[in-house]
Amino acid sequence: MLVCIQFISALNLPNIICNYALHDRQSANCKQDVIINKVAYAVLRKSIKKIIDELEEKSRKERTKRYDVKPEDRMLAITYETGQFIHSLIVGIRAKSALELGTSTGYSTLWITDAILTHYKTPRITTIERNPKKIERAIRNFKRAGVSRFIRIRRNEIGNVLKGLPRNAKFDFVLIDADKENVIEYARLIIPHLKDGGVMVTDNMLYPKKYRKMMHQYSTYLASRQNLQTCTLAIGNGQEITVKKG
Ligand SMILES: C[S@@+](CC[C@H](N)C(=O)[O-])C[C@H]1O[C@@H](n2cnc3c(N)ncnc32)[C@H](O)[C@@H]1O
């Protein structure tokens, strides 16, 4: 099995293999297909990890400020440990669907996708971004990771997308990582779409410091809602973890 995975990885053909394994339902009970399916997903997850590592390296360089990246080109990605944290949460709640505010180049989206793939073969992820250049970079990264079919990018202002969500749109997991000024309004609009037992994570609760007062107000707002349980954790730039009670 391991030799087989290594061989297919070397061919670098995750999309082709996955499409075959996913769509050939006629012979789904065939043992050979089951093996191909397992191999295909192992290859897919390996290719996601490769892009995560590549983007992490870029993000790390960006953070050192020794490299001259134009403000509009900055990834402003979650930290690696934040990625690990949301990954564990998503696996723990066995999330199938996710909503993300602030795609940037797709780094956090890839963490979310990989985590959902732990239990489910067809993640459903909606991610919102308004910057066309970043959207192009995210599309490229999703293609290279072989996960484009799981991710819907909404190219719009977050407020517009949230206000237009159908009443029955429900998510197991939400990541908020966009403009801070509107964060309370975003949460207000999202909560009806968070499933009971669903988890919402908000980045930048503690850093940069300039947002701290605003994010404290946000945390206080969440704590005042009867149907939520919330706390702030010092992971990465500070994470608010909010659970919707049933
Ligand atoms: C901090 S970055 C997201 C980083 C990403 N979550 C990651 O970890 O890779 C925030 C992104 O949100 C986008 N954004 C901010 N405010 C927005 C808004 N009101 N509507 C749509 N996109 C927005 C920005 O263009 C930026 O790319």
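Good morning. I begin with helix α4 (residues 80-92), which lies across β4 (171-176), β5 (194-202) and β7 and runs at about 175° to β5. Helices here are DSSP runs of H or I with at least four residues, strands are runs of E with at least two, and both are numbered from the N terminus. Angles are taken between N-to-C directions, from 0 to 180 degrees, with axes fitted to C-alpha atoms, for helices over the stretch in contact. α5 also packs on the sheet, where it touches β1 (97-101), β2, β3 and β4, and its direction makes about 170° with that of β1. Contact requires C-beta atoms, placed from the backbone, within 7 Å.

This is a predicted model, in which local features need pLDDT of at least 70 and side-chain atom pairs pLDDT 80 or more, while totals for chains, interfaces and linings use all residues. Residues are numbered from 1 along each chain as its sequence is written.

Next, the sheet. Seven strands form an open sheet of mixed pairing, in the order β3-β2-β1-β4-β5-β7-β6; two strands pair if DSSP finds at least two bridges between them. β3 (151-155) and β6 (228-233) are the edge strands, each pairing on one side only. β6 pairs with strand β7 (residues 239-244) in the antiparallel sense, over six bridges. Within that strand, valine 243 is the bridge partner of glutamine 229.

Finally, the ligand. Which residues are closest to the ligand? They are Gly102, Ser104, Tyr107, Ser108 and Arg130, among 19 residues that surround it, where near means a C-beta atom, placed from the backbone, within 6 Å. α5 (107-117) and β2 (124-129) are the elements giving two or more residues to this shell.

Notes
Contact = placed C-beta atoms within 7 Å.
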